[in-house]
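I opened my notebook to look up a few local details. Here is what I wrote down.

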Amino acid sequence: MEPADRETLPSLFSRTAILNGTDAANFALDLGTTFRRILEQDEEAVAIFAERAGLSATQLAELLSWTGERIGDVRMRFRKEVFVSRVLRNPIIRGCPLCMREHSADQPHPLRRTALRGGLALQRC
C-alpha cells in the first residue's frame, strides 16, 4: 500500500491493519511487535512494518518526517525543524472530517484513501 501525501506512521499502520481485517494492536502482535513500539518508533518494530508493507527507504523517511521523530526527552524533529514534543504529540488525535470525506469520495475502496496527514495541527485544512 502506498502512503498518502503527508501521511503519518500511525495512520498508515492503522490503514494496513484494517485492510488485513484486524485492528492496529492485533496487527502489531501478528508482526511480532506491539502497537506501542510502533507509536514510539522503535527502530526494529518500524523496520518490520516497513518490510512487510513494502515501503522503500525513501517512503519510510517521508512517513517518519510527517510523523515527527524523537530527538531526546522533550524535543522532536518535524520536517527538519526541532520542536518541543508537546507541540506535536497530543494523546487526542483529530482528523478533519471534511478532508477525510474528500479523500475517500468516489473511491471504490475508501479505506485505502482515507488517511491522517501530518501537519494538520500546524496549518488549517
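I am working with a predicted model. I looked at the hairpin of β1 and β2, which has 4 residues between the strands. There I found Gly 72 with a positive phi near 105 degrees.

Entry two: the next hairpin. I moved on to β3, residues 81–84. β2 and β3 pair in the antiparallel sense, over 4 bridges. Their hairpin leaves 2 residues between the strands. In that turn, Arg 79 has a positive phi of about 55 degrees. Met 76 came up again, with Phe 83 as its bridge partner in β3.

Which residues of β2 lie on the covered face, and which on the uncovered one? I noted Met 76 and Phe 78 on the covered face. Arg 75 and Arg 77 are on the uncovered face. In a regular strand, side chains alternate between the two faces of the sheet.

I found Leu 55 in the loop between α4 (43–53) and α5 (57–67). Is Leu 55 buried or exposed? Its relative accessibility is 12%, so Leu 55 counts as buried, because the cut-off for buried is under 20%. I then listed contacts beyond four places in sequence: Leu 55 touches Met 1, Pro 3, Leu 12, Phe 49, Ala 50, Leu 60 and Leu 63. Pro 3 is 52 residues from Leu 55 along the chain, yet their C-alpha atoms are separated by 8.6 Å.

Notes. Residues numbered from 1 in each chain as written. Predicted model: local features only at pLDDT ≥ 70, side-chain atom pairs only at ≥ 80, totals over all residues. Heavy atoms only, no water. Buried < 20%, exposed > 50% of the residue type's maximum accessible area, 1.4 Å probe, protein only. Pairing = 2+ DSSP bridges. Contact = heavy atoms within 4.5 Å.
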